[in-house]
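Please read them with the structure open.

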Amino acid sequence: MKIETKFNLGDEVWTIVDNKPTKCRVGRIDTVHVGLSSSISYFLLFDQQQTRCERKEAFVYPTKEKLLKSL
């Protein structure tokens, strides 16, 4: 089975954190497969304390502009 993700480890991406657009770095990628269905989640790191959050692939964007257009 081949799994393709939109982003790779270490990529800079954008998502919403505490209701604000936030630039993050991909720290881990998890995939879950149940039958024919699959889900990709990114564990994102942000700020100096390397705070983490988890987001499904549909809520992670390559640029701030694309994130804002999705709202």
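1. The side chains of arginine 28 and aspartate 30 form a salt bridge, with N and O 2.9 Å apart. A salt bridge here is a side-chain nitrogen of Lys or Arg within 4 Å of a carboxyl oxygen of Asp or Glu. Arginine 28 is partly exposed at 40% relative accessibility, and aspartate 30 is partly exposed at 27%. The class limits are: buried under 20% relative accessible area, exposed over 50%, partly exposed in between (1.4 Å probe, protein chains only).

2. On the basis of the coordinates: this is a predicted model, in which local features need pLDDT of at least 70 and side-chain atom pairs count only at pLDDT 80 or more, while totals for chains, interfaces and linings use all residues. Residues are numbered from 1 along each chain as its sequence is written, and side-chain values use heavy atoms, with hydrogens and water left out.

3. The structure holds two salt bridges. Besides the pair in point 1, glutamate 12 bridges to lysine 23, the closest N and O atoms being 3.8 Å apart. Glutamate 12 belongs to strand E1 and lysine 23 to strand E2 (residues 20-34), so this pair ties together parts 11 residues apart in sequence. Glutamate 12 is exposed, at 52% relative accessibility; lysine 23 is partly exposed, at 45%.

4. Four strands make up an open sheet, in the order E1-E2-E3-E4, with antiparallel pairing. Strands E1 (12-17) and E4 (51-56) are at the edges with a single partner strand each, so one side of each has no neighbour in the sheet. From one strand to the next the twist averages 45°; axes are lines fitted to C-alpha atoms, and angles run from 0 to 180 degrees between N-to-C directions. Strands (E, at least two residues) are DSSP runs numbered from the N terminus, and two strands pair if DSSP finds at least two bridges between them.

5. Where does serine 41 lie? Serine 41 is in strand E3 (residues 37-46) and is buried, with a relative accessible area of 5%. E3 pairs with E4 in the antiparallel sense over six bridges, and the bridge partner of serine 41 in E4 is lysine 56.

6. The side chain of serine 41 also makes a polar contact with that of glutamate 54, at 3.3 Å. Such a contact is a pair of N or O atoms within 3.5 Å; within protein, one must be able to donate a hydrogen and the other to accept it, and residues adjacent in sequence count only if both atoms are side-chain atoms. Leaving aside neighbours within four places in sequence, serine 41 is in contact (heavy atoms within 4.5 Å) with Arg28, Ile29, Asp30, Glu54, Arg55 and Lys56.
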